[in-house]
Amino acid sequence: MTNAVIVDVVRTAVGKGKPGGALSGTHPVELLAHVLRSLVERNGIDPAQVDDVIGGCVAQVGEQSLNISRTALLAAGFPESVPATTIDRQCGSSQQAAHFAAQGVIAGAYDMVIACGVESMSRIPMGTATLGKDTHGPSVRARYPEGLVNQGISAELIAAKWKFDRDALDAYSAQSHQRAAAAYEAGYFDKEIVPITVENAAGEQVQHTVDETLRASTTAEGLGGLKPSFYTEEYAARFPEAQWVITPGNSSPLTDGASAALIMSEEMANKLGLTPRARFHSFSVAGDDPVFMLTAPIPATQKVLARAGLGIDDIDAYEVNEAFAPVPLAWAHELGADPAKLNPWGGAIALGHALGSSGTRLLSTLVNHLEATGGRYGLQTMCEGAGMANATIIERL
């Protein structure tokens, strides 16, 4: 079988996903073009050899519409002969892009492909893409007559089911910031972050190199003072089990960012004199209850481990997206995972969650962590809207 290998993976440092955030003045096409251009330049490849660019983006509307992956590669100066497509598997969009890219290599359809993702939540706020319309239709409403819920309510239901109280969630969230700050201090993110020039509030051109969402001084005690985000009388009546423990402090922040991975066959890497950093070992996707919505990483992980013939203890690091603190905590409880291996350099609560970019962002951190620690296997998984998840196992080379 042809091995699909990761030659490189890069990302921007993220910005706060609101007006005034570090990347809010940068068009999302330029964000994605920057990581595409950086990937080509730092590996010395001819972009004409790229068979396809597969990008993830969730809010494909406004500035992010009309196949932003193709627009971005043109902005990056790629030859017009290079095609692209943009996909949406909600928060797992760029992880799915990496799956499609690697699977295309394994199938023999590609020799070299870029998987990438972008999201500008400051310029295209969450919910914009619905245009205020009903996205469910009568059949879905009939199947779920009480109504589907937003992800914050799903996080509340997970916290209640697995009995995670506010103290546990805030302690985990503070740890995410502390781990990320320690990783920055050690220079662990230097290899994955490509500086991008932005204009600051004073109108000056500056280099953005540090995730703006990280707060190194965060403590569980400080987070304890924040108010619940999703309480309403209507939801409280419907879900009396909810304890209303989800706050801005134990949720991932709104975020801008872009990321990209250079994926090719092992033969192509050897032909070009490039050194593969990891190979794709196994893949899975799974669906679960769309009301609980965020629990699908559990069956997705069980499925990918079974396909890989590995146990959870064989994995050296787990990147489980921190959409909300209960998500990785419930995952770890069900899988019997070692908490020391779970998001060891911090997760999305500290490092941000730029929706369409997050899958390849997690991949960049996972590859770098395995290299820094000498680990062999890494697993990443991502909860996704409507109750889905991707899971990926990579092997360091």
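Analyst: Q96 is buried, with a relative accessible area of 4%; buried means under 20%, exposed means over 50%, and partly exposed covers the range in between, with a 1.4 Å probe and protein chains only. The model is a predicted one, in which local features need pLDDT of at least 70, side-chain atom pairs count only at pLDDT 80 or more, and totals for chains, interfaces and linings use all residues. Residues are numbered from 1 along each chain as its sequence is written, and side-chain values use heavy atoms, with hydrogens and water left out.

Q96 belongs to helix 3, which covers residues 93-107. Helices (H or I, at least four residues) and strands (E, at least two) are DSSP runs, numbered from the N terminus. Once neighbours within four places in sequence are set aside, the contacts of Q96 are I87, R89, V285 and N390; contact means heavy atoms within 4.5 Å.

The wider chain gives the setting for this position. Its secondary structure consists of 13 helices and 12 strands. The radius of gyration is 20 Å, close to the 21 Å that the globule rule gives for 397 residues, so the chain is as compact as a globular protein of that length. The radius is taken over C-alpha atoms, and the rule is 2.2 Å times the number of residues to the power 0.38. Along the principal axes, the C-alpha atoms fill a box of roughly 60 × 50 × 50 Å. Of the 397 residues, 58% are buried. Of the contacts between residues at least 6 apart in sequence, 80% join residues at least 24 apart. The chain exposes about 15,400 Å², and 51% of that area is supplied by carbon and sulfur atoms; accessible areas come from the Shrake-Rupley method with a 1.4 Å probe, and for residues only the protein chains shown count as cover.

Burial can also be followed along a whole element. In helix 5 (residues 151-161), nine of the 11 residues are buried, so this helix is largely enclosed by the rest of the structure. Among those buried residues are G152, E156 and A160. The cover over them includes helix 6, helix 8 (233-238) and helix 11.

Charged side chains form a further set of links. Side chains of opposite charge can pair when their charged atoms come close. The whole structure holds 11 salt bridges, each being a side-chain nitrogen of Lys or Arg within 4 Å of a carboxyl oxygen of Asp or Glu. One of them joins D170 to R166, with the closest N and O atoms 2.8 Å apart. These two residues are four apart in helix 6, so about one helical turn separates them. Both D170 and R166 are buried.

E371 takes part in two of the bridges described here. With K191, E371 forms a salt bridge of 3.1 Å, N to O. Because E371 lies in helix 13 (residues 358-373) and K191 in the loop between helix 6 and strand 6, this pair ties together parts that are 180 residues apart in sequence. With R277, the closest N and O atoms are 2.8 Å apart, and that pair links helix 13 to the loop between helix 9 (266-272) and strand 9 (278-287), 94 residues apart. E371 is partly exposed at 27% and K191 is partly exposed at 44%, whereas R277 is buried at 8%. D8, R42, K191, R277 and E371 are linked in a network of salt bridges.

Aromatic rings supply eight pairs. Rings of Phe, Tyr and Trp (its six-membered ring) pair if their centres lie within 6.5 Å; planes under 30 degrees apart count as stacked, over 60 as edge-to-face and the rest as tilted. Y188 and W345 are stacked, because their ring centres are 4.6 Å apart and their planes meet at 5°. The two residues are 157 apart in the chain, Y188 in the loop between helix 6 (166-185) and strand 6 (196-199), and W345 in the loop between helix 11 (326-335) and helix 12 (348-351). Y188 is partly exposed at 37%, while W345 is buried at 6%. Y184, Y188, F189 and W345 form one aromatic cluster.

Over the face of F189 lies R11, 5.4 Å from the ring centre. Such a charge sits over a ring if NZ of Lys or CZ of Arg is within 6 Å of the ring centre and within 35 degrees of the ring normal.
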